[in-house]
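Work through these exercises with the sequence and the 3D structure side by side. Try each task before you read its solution.

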Amino acid sequence: MAKKTMTSKPKKVSLSVGELIVKAVAASKERNGLSVAALKKALAAGGYDVDKNKARVKTAIKSLVAKGTLVQTKGTGASGSFKMNRVTETKAKTPAAAKAKKPAAAAKKSPKKAAAALQLLDRTKLKENCRDC
């Protein structure tokens, strides 16, 4: 008899719960932020099973507030309303400027080489100033 091999289904690649929450809150145009109930409705509309993963949604909200990605406008804990933190929005808009600065920082000389170059400059200035030397 031939042996059947069991092949596992490829794992569905999707965003994490936190990333889904951030997308939903960022897409919201509510002035006071998005409530948890509206957030759960948005996640369910996106195909996420909220009833099955209540605890994950709750912990993701708490961790995003702790990190500073979300700001809680009403309520406490994982209840109330949430909106995007303005500080993280500005940081997200300017990652190209931060990348441009990194290569310039790598081009700096080591302190020993810089000190040796300064000593060489000092010697040449002394010779230029002293005509009798």
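**Exercise 1. Compare the span of helix 3 with the span expected for it.**

Step 1. Helix 3 covers residues 54-67, which is 14 residues. Helices (H or I, at least four residues) and strands (E, at least two) are DSSP runs, numbered from the N terminus. Residues are numbered from 1 along each chain as its sequence is written. The model is predicted, so local features need pLDDT of at least 70, side-chain atom pairs count only at pLDDT 80 or more, and totals for chains, interfaces and linings use all residues; side-chain values use heavy atoms, with hydrogens and water left out.

Step 2. The expected span is 1.5 Å times one less than the number of residues.

Step 3. From first C-alpha to last, helix 3 reaches 20 Å, close to the 20 Å expected.

**Exercise 2. Find the buried and exposed residues of helix 3.**

Step 1. Apply the cut-offs: buried is under 20% relative accessible area, exposed is over 50%, and partly exposed lies in between (1.4 Å probe, protein chains only).

Step 2. Val57, Ala60, Ile61 and Leu64 are buried in helix 3. They sit on the same side of helix 3, because they cover an arc of only 100° around the axis. The arc is taken from the directions from the helix axis to the C-beta atoms.

Step 3. Ala55 and Ala66 are exposed, on the face of helix 3 turned away from its buried side.

Step 4. The buried residues of helix 3 pack against helix 1 (17-27), helix 2 (36-45), strand 2 (70-74) and strand 3 (81-84). Contact means heavy atoms within 4.5 Å.

**Exercise 3. Describe the largest nonpolar core.**

Step 1. A nonpolar core is a set of buried Ala, Val, Leu, Ile, Met, Phe, Trp, Tyr and Cys residues joined through side-chain atoms within 4.5 Å.

Step 2. The largest one has 19 residues. Ile21, Val25, Leu39, Val57, Ile61 and Leu70 have the most contacts inside it.

Step 3. Helix 1, helix 2, helix 3 and strand 3 each give two or more residues to this core. Helix 1 gives the largest share, five residues.

Step 4. Look at Leu39. Leaving out residues up to four places away in sequence, Leu39 touches Ile21, Ala24, Val25, Leu34 and Ile61.

**Exercise 4. Work out the strand order of the sheet.**

Step 1. Two strands pair if DSSP finds at least two bridges between them.

Step 2. The open sheet has three strands in the order 1-3-2, with antiparallel pairing. Strand 1 (34-35) and strand 2 are the edge strands, each pairing on one side only.

Step 3. Strand 1 and strand 3 pair over two bridges. Ser35 stands opposite Ser81 in strand 3.
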